[in-house]
Structures are given as C-alpha cells and as structure tokens.
Amino acid sequence: MSSKSTNPLELGRSLSVPNVQELAQSDDQIPERYFRPEVDVAPLASIDEDELPVIDLMKLLNPELIDKDELFRLGSACKEWGFFQLINHGIPEEVIEKTKNDIKKFFKLPLKEKEAFKQIPGHIEGYGQIFVHSEEQKLDWADVLTLNIQPSQNRDMRFWPSNPTTFRDTLDTYTLKIGKVVDCIYGLMAEDLGVDPQDMLNIFRDQLQSVRINYYPPCKQANKVLGLSPRSDGSALTVLLQANDVHGLQIKKNDKWLLVKPKPSALIINIGDIMEIMTNGKYKSIEHKAIINMEDERLSIATFHFPSIDVLLRPFPELVNSDGELYKTISAKEYAIEYFAGKLNGKNALESMKLRK
Ligand code: OGA
C-alpha cells in the first residue's frame, strides 16, 4: 500500500473567508478587512516586456542554437532579479491555451458548483484562500484553488474540479510539462553556479509540486485592496503563467515595486526561499505582490516546486566561502512549517533563518 507522504500544504492551516468573486459582483460595501492602507498599491514603474530578463531555453538546450551568454544571463537574472521570463520553453501553445481556458471556465461556474471543491476547514487544499490565521487579519482580494500535484499519491481528487470536464487532464499535462522545464532549469543553474549537477539532482529527485490558481476579481476601489500580500515564495522554484492579458504582478527591486508586463506565452520563473538558502544567498528570493484592476478580472496559475520534505536545507559546498554558511540548517519540513506560520509577513520566514542579520 502506498502511504501518503507529507507535503508542504499539509503543514499549513487557514481560516475560511468570504468568497471574493461574489463580493465583487454584489452591491455590498467592501468589508474593512480588505482595505490595505498599510500597503503601497501603486508601483513606482512598470517594466515592459523586455525589461524583466528574458531567457530563451532553446539557446540553452538546442546544440545548434547554443549561446554561451545565455547561461550568464540566466545566472545574473537569478542573482540580480530573482525573477525572469522564459521563452521558447517547449511547452506547446495548445497546452498553454487549454490551461488558460479551463481555469477561466472553472471560475465562471456558479458559486455552488465551485464550492463542490471547497477547502475543508483547517486545510489548505481546495477552493478558498490560504495564509489566513486570524479573524482580524487583513485579507487578499482573491479566491484561490490550491492543489497538490506531485507525487501523484498526494493528490486529493476531492478538490480537483471535474467541470470543465477536461480540467483534470489539462492540469495534469500542464504541470507535467512544467516539472520537466523546471528539471532543465535546475541543471542549468548547477552549471551557472559551478555546483555538482548530481548534487542538484539528488536534492530535487523526488520533488514536490503544487499549484495555486489565482482569481483576482475587479474591484471598484482597486487602489485600496491587494490581490496577493507581499511575500517571497517558500518554494525552490515557482513558475507563474498569467492566464489572461490583465497585468498585476509587482516585484521588488532595489526597494522599489515594479509592475511586470510579461511577454505573451512566456513563463515567469522566480527563485524561492529554499533556493536562496541552498545557494547560500547567491540567488535571490524576491518579495512580490499582486494588485487588482478596476474593471477586469485577472487570473494566474503558480506552480511551486519543493525538495522532498526530509531533505536537509543547506548550501551546496561549492557555494560556501570563507564567510561560511549564511543560513541555519533546517529540514524542508521545518521550513514549510515556519513559512506557513508566516502570517503574511513577507520575507520573515527567510529572515529568521539568517545566521547574520
Ligand atoms: C503566487 C503569485 C502572482 C500573480 O500565486 O504565488 O506569486 O501574479 N502570484 O498572480
């Protein structure tokens, strides 16, 4: 009998909150809990299609197109931005389009049908919201669908939409392909960092994968609410696909918030806390947030990748110089507990791991 292995999502808890899509469609007053005077919603600048580093996977993998500078660009993007957009990633346009369409169709269903896949109180998987730890806490203007993907025995099909009927197959195909792209990226990162590729492979051999599908309804007072509170990701690598043409992702660079406008069909990849720890701070896990549009809904799918929960998080030996290790050694499981208890405190989980402030 296969036992269910522990996965990061099982280590978190979240309180249930109102459905934001319904709230947005009603004439009701926006509840106080959604107003975010403490967060600066307006970005300082928007970065256009080409400004967020663009990495061409074909130039890194296809022997006929190999461009050595591309590996350098990948490395600098991870060190200086913590974010990049990946083009020519090899995922067929058809798979991307189907994923976007099925996500849109799910969120268009009447509430009752969506609620068939609702979170069970005290859990994170399913349709609802996560990171809600208290009744007083400020809330994000979004509904999310969170699912475990890999290993497949962690899938809880109670939470996987069966409407649209293609949803499950589409998500399965999309995430499988994303997992393969991520495996390639790990190999390229090892090359950039000068780390033994076998060590990198060992860490991520049984990697865990989960998704959060985000639905950000429009809001009449868009400049007062926030779709996703500022945070860095607790993953090793995250892959984000914007599912429609509405922009809203902001990333922090040199203490300034910048609005990202990705290239159509590019995947946005970002370094998570675990990769920052394992690279001894060489690659950066960057705070990001999502803003809301006044007229249009916005949809996205984030796919998170973690080493298996028993892995001990410590830097690759090649990356420890005379200054030593910058972070406490901790298991991926302990880190996930710390991260999910983070109470929307941005980079707090990672900060608390630093040996020197
Ligand atoms: C996330 C995320 C950003 C976005 O879900 O973790 O970073 O633009 N989303 O939806």
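In which sense, left-handed or right-handed, does α4 pass α6? In this predicted model, α4 passes α6 in a left-handed crossing.

An open sheet of eight strands runs in the order β2-β3-β11-β8-β13-β6-β5-β4, with mixed pairing. Its edges are held by β2 (54-56) and β4 (126-128); each has a single partner strand, so one side of each is left without a neighbour in the sheet. From one strand to the next, the twist averages 25 degrees. Strands of a sheet pair through backbone hydrogen bonds, either parallel or antiparallel. Strands β6 and β13 pair in the antiparallel sense over nine bridges, and Asn214 stands opposite Ser300 in β13.

Helix α4 packs on the sheet, where it touches β4, β5, β6, β8, β11 and β13. The direction of α4 makes about 115 degrees with that of β13.

| Element | Residues |
|---|---|
| Strand β6 | residues 208-216 |
| Strand β13 | residues 298-306 |
| Helix α4 | residues 93-108 |
| Helix α6 | residues 167-193 |

**The helix pair**

Helices α4 and α6 pack at an angle of about 135 degrees, and their axes lie 9 Å apart. The two helices are therefore oblique to each other. On the α4 side, the contact comprises Val95, Ile96, Lys98, Thr99, Asp102, Ile103 and Phe106; on the α6 side, it comprises Phe167, Thr170, Thr173, Tyr174 and Lys177. Six of the residues in the contact of α4 with α6 are nonpolar, three are polar and three are charged.

How values were computed:
Residues are numbered from 1 along each chain as its sequence is written. This is a predicted model: local features need pLDDT of at least 70, side-chain atom pairs count only at pLDDT 80 or more; totals for chains, interfaces and linings use all residues. Side-chain values use heavy atoms; hydrogens and water are left out. Two strands pair if DSSP finds at least two bridges between them. Helices (H or I, at least four residues) and strands (E, at least two) are DSSP runs, numbered from the N terminus. Axes are lines fitted to C-alpha atoms, for helices over the stretch in contact, and angles run from 0 to 180 degrees between N-to-C directions. Contact means heavy atoms within 4.5 Å. Angles under 35 degrees count as roughly parallel, over 145 as roughly antiparallel, 65 to 115 as roughly perpendicular and the rest as oblique. A crossing is left-handed if the near helix is turned anticlockwise from the far one by less than a right angle, and right-handed if clockwise. Ala, Val, Leu, Ile, Met, Phe, Trp, Tyr, Cys and Pro count as nonpolar, Asp, Glu, Lys and Arg as charged, and the others, Gly among them, as polar.
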